[in-house]
Amino acid sequence: MSRTIARVEQIARLAVAVAFLMLAAAVLLQVIARTFLPWSPVWTEELARFSLLYLVACGAGLSLRTGDLVNVDLAIHLLPPTWRRITDTLTALAVAVFALCLIPPSLKFMAIGSFQTSPALAWRMDWVFATMPLVMAMLALFGFVRAVDAWRGDAPSVLDGAADG
Amino acid sequence: MGVAILFGVFVITLVMGVPVALALGMASAAYLVGNGMPLVVIPQKMFAGIDVFVLLCIPGFILAGNLMNGGGITERIIRFANALVGWIRGGLGLTNIAGSMIFAGVSGTAVGDAASLGGVLIPGMKKAGYPADFSAAVTAASSTIGPIIPPSVPMIIVGALTGVSVGRMFLAGAIPGLLLGLGLMITCYLIARRRGYPHLPWRGWGELVRAFAGAFWALAMTVLILAGLMSGIATPSETAIVASLYALVVGGLVYRGLAWRDLPRVLVSSAVSSAAILTLVGFANVFGWILASERIPQMLADAVLSLTDNKILIILLLNVLLLVIGSFMETIAALIILFTPLMAVAVAVGVDPVHFATFGVLNLMIGLTTPPVGVCLFVCANIARLPLGPVIGAVLPFLASNLVVLLLVSFIPALSLWLPNLVFGN
């Protein structure tokens, strides 16, 4: 089981890197073409946005595990260690179950896309809308992983400096 | 009733320690189910919230900041700041503030600044004889400059939400950012003189020039970003990606602090941080849509405008409101949920949207250094290995200085509008 999760994590890390590189390549092509070439492709903007969506879909689950997805754990920190562990585990489970419940409506949303194509790349939009069921599936999977981590007593905390803002 | 469920679930899940993004999602789902609406609204609005071109800036600027950091820029910035102001009384405190101002031009988030500079400077200040609480307080207070001096992640999100030009907002932040730094430096100097904090010897012009040469490429990145925006050659999203390419070249070839084998790690960790911010943007967009459909922004705006339509009072009221919100709520969630209605109030009494965005973001950043949910305060206290209490006490004078600058920026529109209007026209 843990080997499968490690494999998924590896694939997700590779996927976010690829999505990021595609995004950067599309934007750079756009700047170079507009500045130096007589023509500029119309599809770079679309490709960059779609890459961003895939970056989010593949990275959201990972960010849950690293603690980048911030929570406010001030109240939790006041609890005695055993209760803290239980609360951490339960909230991570709640996240996983919530994300799991959102997979069917996200698939429904994705199905709407099969009737549409993107204007510049002429891609079928269900391939792009697929990022929504994907993000929910990743959040569900890594929610469960985080629950296991928390039960073992090593959930990340905002106090370690992993946060945004 | 629906609204009570929305806010009830949000607060309970937040206190339980659910990540802010998912707390917003759970509250939205509870509202939808309670009102017999389909859950497909969630992926739909989430998708719409993320599928915005200007949001591409976020991974771009985060990567640029991380590449510069990995390339050894932090030490060089600190060395330069130290050569510049370290010889004045309270020198390392001043170095900390000047370092934050320079670092602000590389990174777009306050917490990033607090963690990068604090990690080096807080232990350094403690070793040099500064009290730990003062060291943490200076670092936390000066990290608020990060998202005011461009680039700025909160301003990018405001741009994505309201359509206000990100380029204009970036330029609008430049002068207020310098004022914040100046105010903090004066405060730091006064405290240092009264308490007799140490200072370093003046190391001569030679060291200053050498340190400047070391930090030059970091300073040049701020110039590159501003020049890209001002000249109109590149949009903010394009500037962000060009900046990361620049950071890659500087970190790898000029500073040689970045090895090729580090790159995949830096790329993935930047992508994961960006994914976290954008997931929050997505879920907050669902929550914001529900608020809008319940006409809450409208009600809030009407309530404020029914109290008074005096511009000065409204600006004061907005400041108080945003400060309170900023000290309780996560910045991005606060932006997405409340910025649009509050901007509507401001615009209704004739405040320029860019001006409002500048003092609005400044308010929320000051909220990062006030209890109860001051993330920068937590991060710095944690680095200094202190409980929150003494750091809160030590941050008060700096907070006062930041509030004075806030008032100046709120009531003197020219401080924020002069530069963007000069460059882009009115």
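Here is a short chat about a predicted model with chains A and B.

Student: Let's start with the interface. How many residues of chain B are in contact with chain A?

Tutor: Contact here takes heavy atoms within 4.5 Å. On the chain A side, 59 residues take part. On the chain B side, the number is 65.

Student: And what area is buried between the two chains?

Tutor: Carbon and sulfur atoms give 80% of that area. The total buried between chain B and chain A is about 5,200 Å².

Student: Which residues form a salt bridge between chain A and chain B?

Tutor: Over all chains, a search of the whole structure finds nine salt bridges. One partner sits in helix α1 (residues 2-36) of chain A and the other in helix α12 (residues 236-254) of chain B, so the pair joins two chains. Across the interface the rule finds two salt bridges. One of them, at 2.7 Å from N to O, is Arg34(A) with Glu238(B).

Student: What about polar contacts across the interface, and which helix of chain B gives the most to the side that touches chain A?

Tutor: The rule finds four residue pairs in polar contact there, both residues being at pLDDT 80 or more. As for the helix, the top contributor on the chain B side gives 14 residues, and that is α13 (residues 263-293).

Student: Now the surface of chain A. Which element gives the most to the nonpolar patch?

Tutor: The patch includes Leu79(A), Trp83(A), Phe144(A) and Trp151(A), and its residues together have about 820 Å² of accessible area. Elements giving two or more residues are α4 (81-101) and α7 (131-152) of chain A. Trp151(A), for one, is found in α7. With six residues, the top contributor is α4(A).

Student: What is the phi of Arg295(B)?

Tutor: Most residues other than glycine have a negative phi. Arg295(B) lies in the loop between α13 and α14 (296-307) of chain B. Although Arg295(B) is not a glycine, its phi is positive, at about 60°.

Technical notes
Residues numbered from 1 in each chain as written. Chains lettered and ligands numbered in written order. Predicted model: local features only at pLDDT ≥ 70, side-chain atom pairs only at ≥ 80, totals over all residues. Heavy atoms only, no water. Buried area = accessible area lost by both parts, 1.4 Å probe. Salt bridge = Lys/Arg side-chain N within 4 Å of Asp/Glu carboxyl O. Polar contact = N/O pair within 3.5 Å; in protein donor to acceptor, adjacent residues only side chain to side chain. Helix = DSSP H or I, 4+ residues; strand = E, 2+ residues; numbered from the N terminus. Patch = residues over 30% accessible without salt bridge, like charges linked within 9 Å, V, L, I, M, F, W, Y side chains within 5 Å. Areas by Shrake-Rupley, 256 points an atom, 1.4 Å probe, with all protein chains shown as cover.
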